[in-house]
Each structure stands twice: as structure tokens, then as C-alpha cells.
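Hello,

Here is the structure for you to look over. My notes follow below it.

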Amino acid sequence: MARQTATTGQLENAQGIMLAVSRFTAEHSAPCANLIEHMTLKQGDKQITVPKVAQMTMQSLTDGVDMVDSQAIGMTTVDLTTGEAGLKVIVTKKLLRQANDKVFSMVGKQIGDAKSRKYDEDIIALFSALNGGTTLGADDKNMTIGNTAAAIAFAKANKYPSPVQIVHHPYAVFALTNSMAISPAATYPIPKGYAEDLLSDFYRIKLNGIPIFEDGNIAKITSVDSGYGAIFSKSAMVLVESLAPVVEREEDISLRAWEVVLTCDYGVFELDDTYGAPLRFEIGAPSTSV
């Protein structure tokens, strides 16, 4: 078990010397949790069952002729439940006494970053199964204006409910903006309906009415330079929480330390995979010396 003592690794160097403000390992943008549905599992419930009903069809009538056909509700359901996740940090009192930096603040930021990354990566893992696993784009193809516009047309032709958005790796979005030869931030402000304080850092451009967001947590598919982003309605996926992330501190007297623990109980799921599709495009590093 990892315990952060006064002599753990380089932490000893934080004691008795002048220390600049701690630098943190940079985190990628992680917008996905703010782009999908959110539901809460209530006290006493073990799952959420989400119903979906089919379309009905209205018929033309003839005067004096009775209606013969009737319409069915056509309900289907999806069951959603949650699982626990968390992390623990042990900070000794000796470290707290001797460290010049604000240890709890430093640990708190690291814990928050880890939570955001976990949520984001879990949602990204759902991308490849959207649209029944049928992918738009392909390996060795760039996210050009033509390819992206075709994906947007696919979404509109297949009646994705609004709002609809695209999420992809920063290198893929670079290829798109490079093919458009525009300045996205100056030309396309973030659309209404999105929480600007949560998503403005990740929003890059709007094409045919669809906003496009960057997510650096998207990884390359094994042995190739392409990766899965997605085009999807907010209704395509859902984040279900039974317990929102909670950070608690507990003193361990015999250990002479504090335990800092984050716990949450959540799950991410396809809510309706017909409302989204994976976008496979190149995410290898672009040349900076063309």
C-alpha cells in the first residue's frame, strides 16, 4: 500500500528547502461527461429502467370508412446500474508538519483530475459500439471538412435528437480546421445550450450547426495511428450516479497520518446506440515543418 511519508521518494526534498509552487502533471481535456445524459439512482433502488417507445403512423382516411389498423406502443427498456470506484492517499502528519507546500490542496487537485479522467475514459470506451459497431470514417483517413460533413449528414438523416455533437482527438480536429483554413475561436462561438464554463476550453468549431469538441484522452487503436471519436446525440449515452464523487478525510492515530479518500458509485452506458456512431480518423501527430 502506498503511503506518503516524510521520506517517500522526492517528497523529502519538499522539507527544509525553499520550494516553488508545485507543478502538476498536465491532464488532457475531458468533456464527455458534460455532453451526455445524467441520471441519479435513488436511495433504495438497485437500478434504473429506461423505457423507449416506437413511432406511430397516422393514416389517410376515407369519408364513411372505418379505421381498421391500430398502432402499438412498441416499448423497449434498458436496465442501468452502478459500480463503486475510488482512490486513497495516506499523508503522514510528519510530512504535513515539514512540507512547505499545501499538501492537502495538492492532493485534492490530483484526486479531482483522476476522477475526471476516469469518467471520460469510460465514456470514450463506449464510442466504438455506437451505431451497432458500424464505423463512420476509416483507418488512414483524416477528419476533413468533407468527411465530417458526411458524418453530420448521416446523423441528420438518421434523426439523431438534438443536441448533437462530435468529440475527437485534438490532432483529428486540427486536420479538420486545417482543411477549412479558418480561425475557429474567432469564427464560431460556443453554441447556446452548452455550459460554457464547463466546455469552453474543449470547444473548437461548429460545422453545419454541430459543435465539435477536443478530447485528448482518445487513444490510438493498437498498431495504427487512427482512433475512435464519435458523433452522438446527448441521448445516446448516460452517466448514472448512485453516489456523486465524495472526498473524505480520516485521521489514523496509530499510523500518525491522514487518509484522504475519494469514492463514487456510478456507471456509463449506451442509452440508445442508434443515436450515435463511432468516427474513426487519423490521430497521429501532424507535421510542424511542412
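**Salt bridges and cores**

D122 is partly exposed, with a relative accessible area of 22% (buried is under 20%, exposed over 50%, partly exposed in between; 1.4 Å probe, protein chains only). D122 meets K118 in a salt bridge, 2.9 Å from N to O (a side-chain nitrogen of Lys or Arg within 4 Å of a carboxyl oxygen of Asp or Glu). K118 is partly exposed too, at 40%. Both residues sit in helix 2, 4 residues apart, about one turn of the helix (helices are DSSP runs of H or I, at least four residues; strands are E, at least two; numbering is from the N terminus).

This is a predicted model: local features need pLDDT of at least 70, side-chain atom pairs count only at pLDDT 80 or more, and totals for chains, interfaces and linings use all residues. Residues are numbered from 1 along each chain as its sequence is written, and side-chain values use heavy atoms, without hydrogens or water.

The structure holds 6 salt bridges. Another one joins E251 and K93, with the closest N and O atoms 2.3 Å apart. E251 is in strand 10 and K93 in helix 1, so this pair ties together parts 158 residues apart in sequence.

The largest nonpolar core has 56 residues (buried Ala, Val, Leu, Ile, Met, Phe, Trp, Tyr and Cys joined through side-chain atoms within 4.5 Å). F127, I231, F232 and M237 touch the most other members. Helix 2 (residues 103-124) gives the largest share, 6 residues. Apart from this core lies another, of 7 residues, including L41 and V238.

Best wishes
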